[in-house]
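User: I have a structure open and have not looked at it before. Can you walk me through a few spots?

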Amino acid sequence: MTVSRIGRPRAMALLVATGLLVSACGGAKVGESDGGAAPAASSADGKKECGTVNIAINPWVGYEATAAVIAHVAEKDLGCSVTKKDLKEEIAWQGFATGEVDAIVENWAHDDLKKKYIEDQKVAVSAGSTGNKGVIGWYVPPWMAEKYPDITDWKNLNKYADLFKTSESGGKGQLLDGDPSFVTNDAALVKNLKLDYKVVYAGSEAALITGFRQAEKQKTPMLGYFYEPQWFLSEVKLVKVKLPEYTEGCDADAEKVACDYPLYDLDKIVSKKFADSGSPAYDLVKNFTWTNEDQNLVAKYISEDKMTAEEAAEKWVGDNPDKVKAWLPTS
Amino acid sequence: MATQATPAGGLRRLPAWPRRYLLAAVVAAWVLIWVFVQGRDTFQLGGAELTPLHVRINEGSEVIDNSRNDNPFFLYFINYIRLFLDESVTFVQALISRPSFGRPLPVVGWLGVVAFATAIALLWGNLRVALLTAIGFASFGLLGLWEESMDTLALTLAAVALSLLIGIPLGVWAGVNDRFNRLVTPLLDFMQTMPTFVYLAPLTLFFLIGPASATVATVIYAVPPAIRITAHGIREVRPATLEASASLGSTAWQSLRKVRLPLAKRTIIVGVNQTIMAALCMVTIAALIDAPGLGKTVVKALETLDVGSAFNAGLAIVVMAIVLDRVTSAAGRRVEIRHRAGRSRGPGRRRAEIGAVLAVTGVLAYLSHVYVWAAEFPSEANIGRYVRQGVDAATLWAQDNLAVYTGAFRNAVSYGLLNPFEALLTGSPWWLVGAVLIAFAAILSNVRVVLVTAVCVALLVGLGLWQDSMVTLASTLVATVLVMVLGVVVGVWMGRSDRVDQVVRPVLDAGQTMPPFVYLVPILGLFGATRITAIIAAVVYAAPVAVKLTADGIRGVAPSAVEAATAAGSSTWQLITKVQLPMARSALTLAASQGLIYVLAMVVVGGLVGAGALGYDVVAGFSQLQLRGKGLAAGVAIVVLGIMLERITRTAARRADAEAHGAR
């Protein structure tokens, strides 16, 4: 109900948009060709109209890969028109409440946002897993794992603390953390595992990746927070450091965490309105799953082969028709 | 002749000596006390810890979030503003950048836009800037970024138009009304120093995601110069002129319209220029809330650390800034020349000129409306790829070959200067640092500033971010020192040679307008995720202002003084240190205080590359719901630091200036 009320002008825009779409389906008029999509094919089956789908694009390449593939299928197979909006996570969630965003297609936990927008405001719902497994942990560049094989166990980290000293770490070893929006227990971990390290906050993913890239190239020591799926891992195969094993609930108290990060099940979040709309695009988003390898491949097309997100999605979709078929609405 | 310069210089330096001793004594006392009391009352606060104040701000913003949909203020006021803004930007986009009105291409194609821009430059500026405009606009297409550039232009024009619509009337009011001026000045300071990140996320709650929010964010940042400079222009009109018009029986309104505004016109154009520059600064940051245009390209490229693409888009922004800057400056000069010379040419000839230019423009615009070749920039002409490859290669080379030296530099500055200074600031109890700051204010300026400083110290304590504020203060001061070193060295060099000036000035313009996100990655590669990276980024951004102001100061030294010193046999070194620098001292202090403000503007960007402290708090508040209150508090802390440092340096400059004049 909250959505509809601020939506006075919105509703008008929607009306206009649907009007355009309907008229486009009724036979393309001169000058109203809508990007060459063929909505006629899908409406011939008697399916519901798709309309416009607003997908938030969070600022990392893996996310963009997922979104590009979903958008490509939605446009080409379902005749939707997709609007991509470049937004950071919290702002994208705000978009559910204001009606500006229909779907977030790769969500990393964010329990606080889930509580606020799904439970309290009831403007969003979960649309299930993306199939991607989010791994968070501490990593070292490959040359270090090769030279100091036992460095990949946290028990030996104190032995090597001197290696990781920097101008920022105040005489201790440096553990480099990234963007403030990332999930991290690192400060508590360092304390509770009695490690002689200091967490230094780099502040962005760019800083982390540049750090690891330089560390591998210049053979300088580096220990940092990292995660997969991530396109950079196809460039430099970072090695994960083993932390005390994760058990159910060992991270319940943020102050007392002394175990590894859990495996995150990345999921999709959609606005309540979108979920209730009966749009085939919602079924697509709900059905969509793939693997870390799939995402890394598309991400690699974008980041290393310098394809546009659309080209990368088109290539992958062309190569994987069976996977795509499984996502399409079956009514 | 020779004696004229030297005794004046000697006299000028006299009163400064005891003050210098006093400052040294304060620092010595500080270090001494620090040795005994370090680590006490330092207000440590962990990364995710919140003070009650931060929690309360969180709760407050939650209330706004939840009432937004029921409140008539939003429904009937904010929503209409949003609609209006969205429509205006979309309309300009439809004209120049997006397929529109059922056409596969915008209404006016590239040839038409280039023609329009050139015509405007020709009619309001001169032939030279018209040529520059044509080349500059064509280069957007050559870089392969035509559509993105036009999106940026559309957003910038909408924001600038709105800023001027609000800013000029307010500026006129501030110009004629002292009380309003006093009221509005601190507010403008606040708007300019408050980091954009702080209000970016809340703005989307008010104006939703899209052009409207981006426009409002840009206006908040770009409107202060319009107001300030307009007010300044109105104020500058000589009292004698006003008295004359009053004695002729003009009402206040008449004298404003017929005397003050026309006389202030040139200054107002300077304000327009500054407003445009400020608006362009926001291009990349607004991209974080889905603002269309070049900023998006920069931010996207940053995700894959694609320095080449980021630079390519950054270059387009720089070109746009330079073109718009030169055109408005030329327009300002034209107004001044016309004002001085009276109308030299007959209106008939001018009318014919305008008619001819408009006719040609109309034909070109029509061509671009009808023919595809003139509407869509030919993609074969895209040289952006070579720019990208070149920059990538250069970055790679620098990172591979220079990292050893830059690492050594980083460690030297960190261990030798930054770490000890930071330890002193963060290790001292808050009351000690507060006392030192107040003592500095007392020695350097006046009672009012002492009061301001005391209030600022109290605010920093109250905001609950004392420790982070001190870390930021340490980095800021170190960066400012580096800025001043560069400012003096390059500024003197430029001030003494016109040829150097011509070569260096475009580089400085680029440093100021190139979005920091573009050079972050290369600097990160060279210096790692450290405070030094943030400092270097701040220096790149702030040094141009300091250099320009210093150069202007050096150039402003009376030629007779320079000639006199040269005749007396001074060497170049003596000439610089004994005559030019001392005589340009007020310019130097201004350069330092401006440099400082610019450095502070980069604190948040520093938070993205390892500087931590307040910058990181702001970024964290932008990304995490429960840290929103803390982020806001950190934003305010940056403003408070800025106000405090700026007041101290500015009054110190004024005092130094007054003493210098008194000695004469």
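Analyst: This is a predicted model. Start with B:Leu463: leaving aside its neighbours within four places in sequence, B:Leu463 is in contact with B:Thr51, B:Leu53, B:His54, B:Ala633, B:Val636 and B:Ala637.

User: Where is the place of B:Leu463 in chain B?

Analyst: B:Leu463 lies in the loop between helix H20 (447-462) and helix H21 (466-496) of chain B.

User: Is B:Leu463 buried or exposed, and why?

Analyst: B:Leu463 counts as buried because its relative accessible area is 10%, and buried means under 20%.

User: How far apart are B:Leu463 and B:Leu132, in sequence and in space?

Analyst: They are 331 residues apart in sequence, and their C-alpha atoms are 49 Å apart in space.

User: Switching to strand S5 of chain A. Why is S5(A) described as largely enclosed?

Analyst: Strand S5 covers residues 173-177 of chain A, and five of its five residues are buried, so the rest of the structure largely encloses it.

User: Which residues are on which side of S5(A)?

Analyst: A:Gly173, A:Leu175 and A:Asp177 are on one side, with A:Gln174 and A:Leu176 on the other. Both faces are covered, as these residues are all buried. In a regular strand the side chains alternate between the two faces of the sheet.

User: And what does S5(A) pair with?

Analyst: S5(A) pairs with strand S6 (residues 197-201) of chain A, in the parallel sense and over five bridges. A:Gly173 is opposite A:Tyr197 of S6(A).

User: Now the two chains. How many residues are in contact between chain A and chain B?

Analyst: On chain A 54 residues are in contact with 60 residues of chain B. The area buried between the chains is about 4700 Å², and carbon and sulfur atoms give 52% of that. A:Glu90, A:Ser167 and A:Pro180 supply 13% of the area that chain A buries against chain B, more than any other three residues.

User: How many salt bridges is the count between chain A and chain B?

Analyst: The count is seven salt bridges. One of the salt bridges joins A:Lys306 to B:Asp306, where the closest N and O atoms are 3.3 Å apart.

User: Which helix gives the most to the side of chain A that touches chain B?

Analyst: H9(A) gives the most to that side, with nine residues.

Note on methods. Residues numbered from 1 in each chain as written. Chains lettered and ligands numbered in written order. Predicted model: local features only at pLDDT ≥ 70, side-chain atom pairs only at ≥ 80, totals over all residues. Heavy atoms only, no water. Buried < 20%, exposed > 50% of the residue type's maximum accessible area, 1.4 Å probe, protein only. Helix = DSSP H or I, 4+ residues; strand = E, 2+ residues; numbered from the N terminus. Pairing = 2+ DSSP bridges. Contact = heavy atoms within 4.5 Å. Buried area = accessible area lost by both parts, 1.4 Å probe. Salt bridge = Lys/Arg side-chain N within 4 Å of Asp/Glu carboxyl O.
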